Amino acid sequence: MAQSEEVFVGSIDQGTTSSRFLIFDKQGEPVAVHQEEFRQIYPNPGWHEHDPNEIVTSVENCIEGALKIFEKDGHKKESIKAVGITNQRETTVCWDIKSGEPLYNAIVWTDTRTAALARELKAREGSDKLQDICGLPISTYPSVTKLLWLLRNEEKVRKAYEAGNLAFGTIDAWLIYKLNGGPKNNVFVSDPTNASRTMFMDIHSLKYSDKTIDFFSYEFDLRKVHMPEIVRSADEKAFGKLTSGVLSGFPITGCLGDQSAALVGQKGFEPGHAKNTYGTGCFLLYNVGTKPVISTHGLLATVAYNFDGKPVYALEGSIAVAGSGVKFLMNNLGFSSQSHKISELAETVSDNGGLVFVTAFSGLFAPYWIDDAQGTMFGLSHHTERGHIARATLEAVCYQTKAILDAMEKDSGHKLSELRVDGGMSNSELCMQTQADLVSIPIVRPKMRETTALGAAIAAGFASGVWKTFDELKEVNTAGQTTFQPKMSAKDSAKMFKKWERAVSMCKGWVAEEEKEEGDEQAAKELGEESKKEGQVAASL
């Protein structure tokens, strides 16, 4: 039976393809978990949406499911001291502030419908100054382009804006708002790790920036849009409490965007610590300390966490397609019904057979930022088997991770001594060994790989007094870790990467060709010039 002195923290992990609720003990071990997938909506090529209400329902179901397991094992729910939230970032929800009802589906971070709008914004005077303020370049990735698209194209959103009732937020703000009872209690907040992904927040002050809001208000006055208050990532009262369900009345005391949560869960509390999460996408965060580093090599400046009013920052490299590439092989090409089988399939061949797969389903993110790249395979031949395609899909993530690490070394002036990893694809031994071979440093994989959810639990635990110092977490999740040492020669590794870079340079310009055929000569010309510039940047990395 459970002991009365036991202490637990709950963690809502709201991801791109599923929601989960985990309950951690004070040693950082998960004792109960429930997961539920929800619909992925693809109305048009390049479009990716979620139903905002389905997301909330999936979270509520997960809380109920995990608590059943928790209580069945003899624990009492009163021993759960607080709940933390971690979430997919950038994904944008617009709702009516009076009714609390969504006005359109959530536009997901991978969505590329705003490519033309992003080019339009880049062409405006002053666009080159924004990254110094908010840490992000203009692309289809941040939330701002999604909000502007909705204002332009969706009547319900525009009418709410005109009536002064339009609320905008990322998934954390939407979830916290709904879990607190919606308009009845109107708990409308976001933490800096999420707010920094909108392009509206000044990354230095952690407050909304008049300069960026002015820049994006050329068509709609964004000051008329209700935006969440930015609060610390760990706070005893700011996030309110659950108002319904089996944990009604329990406090929410921590919130972190998923990639920052993974860095916290990997205990990346010191400058120089880094982690790479191989999830739907792949995200490498490098702790740079208490001052943001604005990248000059294609990376993003972001907030790692802000627990005590003294923010810690990170450099980030974002890869759009990682696990979703494996899903593509499963769902679109029928390779397997189970993700681990893709890794096994890749192991049936000794190498990639000369095949390179640039998995640019949402363009290419860091460090290339090529919006008009599309998924392309190079080197297909009569020799090519399904195993080669599976292997090339895993390798694509490893190549992009190497490109990001090279850029990070240039931005920070330091070379990493090791890289900590987590996420679904890190379960693949082949993928992790390939990663070690390409980056030429050890890859360290923890035994317990629920580090994103653990990070949210840590944030909530700090605010609720479960943990008080980082030192208390030193031994959390250290036993049983696996280290992958580089085995490939530097010459062979460089040869593979050179071939990848060549493939990247050849996958650009597809959208430009299409627009040219449709008669939009000016758009095609702009895209062609942009691709040429981006190719020059990529070549210099």
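These legends go with a few close-up views of a predicted model. Local features need pLDDT of at least 70, side-chain atom pairs count only at pLDDT 80 or more, and totals for chains, interfaces and linings use all residues. Numbering runs from 1 along each chain as its sequence is written, and side-chain values use heavy atoms, with hydrogens and water left out.

View 1. Of the 541 residues, 60% count as buried, meaning under 20% relative accessible area with a 1.4 Å probe, protein chains only; exposed is over 50%, and partly exposed is in between.

**View 2. Here's a cis peptide bond, from Ala-366 to Pro-367.** Its omega is near -10°. Pro-367 sits in the loop between strand E18 (356–358) and strand E19 (376–378).

**View 3. Met-199 has a positive phi, near 80°, without being a glycine.** Most residues other than glycine have a negative phi. You'll find Met-199 in the loop between helix H7 (192–195) and strand E10 (201–202). Is Met-199 buried or exposed? It's buried, because its relative accessible area is 1%.

**View 4. Lys-267 is not a glycine either, yet its phi is positive, about 60°.** Look for Lys-267 in the loop between helix H9 (258–265) and strand E14 (274–278). With a relative accessible area of 18%, Lys-267 counts as buried.

**View 5. Lys-495 belongs to helix H15 (residues 490–506).** Lys-495 is exposed, since its relative accessible area is 65%.

Terms used
Helix = DSSP H or I, 4+ residues; strand = E, 2+ residues; numbered from the N terminus.
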